[in-house]
Amino acid sequence: MNSATSRSARVGEREKVALAPTSHNRINVSELAAAEPAEILRPSSVDDVKMIVRSHGEVRGGGTLRVVSSGFNWGLGSASGPVPDQTLLNLSGLSEIRTVDVERGFAVVEAGVTQQQLCAALAGSGRFLNCTASSPYTSVVGNMMDRGVGLRSQRTEDLFGLEVVTAAGEVGSVGWWPPASGLAPNRYGLGPSSVQLFPQSTLGIATAGVVRLLPTPEVTTVLTFTVPESGYDELIETLRGVVRDRLTDAVVKVYDSDSSDLYGGLPTITGHVCVDGSAAVVAAKRSEVTNRLAAIGAGILSDAQLAEDPLAVAVADLYRGDVSRSESIVQASLGAPTHEADELGRGWIFVLPFVPFTVRDLRRARAVVQSIPAEHGVQVGTTVNVLGYDVVDLVIAIRFDRTSADATGSAHQALELLYRDLTTAGYPPYRLDTSHRRSDVLPDPDLNAVIAAHLKEVLDPAGLLGPSRYLA
């Protein structure tokens, strides 16, 4: 986490920052503040971004630019960078919703547009945003760029196009961009799409994006249920059948008892299945899902029980594109509201592997997590986000007391052990924190990483932007 995001600076104004000594994800506590930025710049327009890039490129030895959309990337380093003395370019001032096309189902939003802002603009429109279970003040584009997961799908699936400022200070678009790309929004267009070259890379600065908007169903019902620890494996098998039979098209979530407690929910295994459609279809699907869960002893929470679980209430709203209660998740997790969390909140680290959606694989992955010793008050929990019949995003959350050197050291030691042991087991991360690079966890780069590295040499030969966590 990083306290830099609570400060303000105008374009061109230098701002020295003293970060909290537990801001960064490193093992050696004495080195935890090593990656603080040299200055923070907050442009308010694309022209500002172009001007900063061009002027920065003219200064020899001026360091590199690190770009964040809002900086609230908790669990992966927040706004902190992989190397010290970078200029932090905070794009939260680019906050214009340029277009909302309800008929065709897309919006063009700048990098600083928040979940709350876009959801408010869509209220009552017949369209809604695929929200992620984080603060309402997080950036829509920023979370997509780091491959965040929403309640409906992985959010890169919602990214149709990007406006990019290159290291040369030029601006252009990639992917589908209205109106030049036609009237029908899509992720591909004519020929190969280059949209996915930019998420998780530093090939350019994304200043805006085309975001898919989902049609609001006639009826949405969220079934929230609990099971005892002994029923976890049977629950996974049952939910796999629910997904196989298309009883839900949304992301099924399962919090283990530790994870549920970390996020402010009931201290038990808690799951969520969202069912959409016409009233008749929802009634039929709800009945079928309820019967399957009842067969394994899972109890559906009543409205009265839900009212006692703020996490369950917030998650149910998020399935509908409503972020009005999601700040409660931030408060429960970090112990502080969004705009104070970097400075005052608890320590929070994510490890994020993809795991096959099978009982055997989830048992193995969770065994690795449970083998990590809980020392000095460090808490670890797992959440399953089902992305399809064959794969889940396993969110491993580590919470700790940032004011304690022992707890901080233990938390980051747990991070290293999880990276090592999960990768050895065949479950490497698909997102990294800012103190690690791809070579730290996958020593042998594949062709995608090699191609991206060569593109970096072409698009940013002077290394103005970077370095990236994900390139070879």
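## A polar contact at Thr224

In this predicted model, the side chains of Thr224 and His272 are joined by a polar contact of 3.0 Å. Thr224 belongs to strand S11, which covers residues 219-227. Thr224 counts as buried because its relative accessibility is 2%, and the cut-off for that class is under 20%.

The surroundings of Thr224 can also be listed. Leaving out residues up to four places away in sequence, Thr224 touches Thr270, Gly271, His272, Gly299, Ile300, Leu301, Leu306 and Ala312.

## Nonpolar cores

The largest nonpolar core of the model contains 52 residues. Within this core, the residues with the most contacts are Leu235, Leu239, Ile398 and Leu418. Helix H12, residues 405-425, supplies the largest share of the core, namely nine residues.

Another core, of 50 residues, lies apart from the largest one. Its members include Met144, Leu159, Cys274 and Leu334.

## Positive phi angles

Ser78 is not a glycine, yet its phi has a positive value, near 55 degrees. This residue is placed in the loop between strand S2 (65-68) and strand S3 (87-90). Is Ser78 buried or exposed? With a relative accessibility of 2%, Ser78 counts as buried.

Arg246, also a residue other than glycine, has a positive phi of about 55 degrees. Arg246 lies in the loop that runs between helix H4 (232-244) and strand S12 (252-255). Arg246 counts as exposed because its relative accessibility is 53%, and the cut-off for exposed residues is over 50%.

## Cis peptide bonds

Which form does the peptide bond from Pro178 to Pro179 take? This bond is cis, and its omega is near 0 degrees. Pro179 is located in the loop between strand S8 (171-175) and strand S9 (205-212).

Gly466 and Pro467 are likewise joined by a cis peptide bond, with omega about 0 degrees. Pro467 is found in the segment that comes after helix H14 (447-459).

Technical notes
Residues are numbered from 1 along each chain as its sequence is written. This is a predicted model: local features need pLDDT of at least 70, side-chain atom pairs count only at pLDDT 80 or more; totals for chains, interfaces and linings use all residues. Side-chain values use heavy atoms; hydrogens and water are left out. Helices (H or I, at least four residues) and strands (E, at least two) are DSSP runs, numbered from the N terminus. Buried means under 20% relative accessible area, exposed over 50%, partly exposed in between (1.4 Å probe, protein chains only). A polar contact is a pair of N or O atoms within 3.5 Å; within protein, one must be able to donate a hydrogen and the other to accept it, and residues adjacent in sequence count only if both atoms are side-chain atoms. Contact means heavy atoms within 4.5 Å. A nonpolar core is a set of buried Ala, Val, Leu, Ile, Met, Phe, Trp, Tyr and Cys residues joined through side-chain atoms within 4.5 Å.
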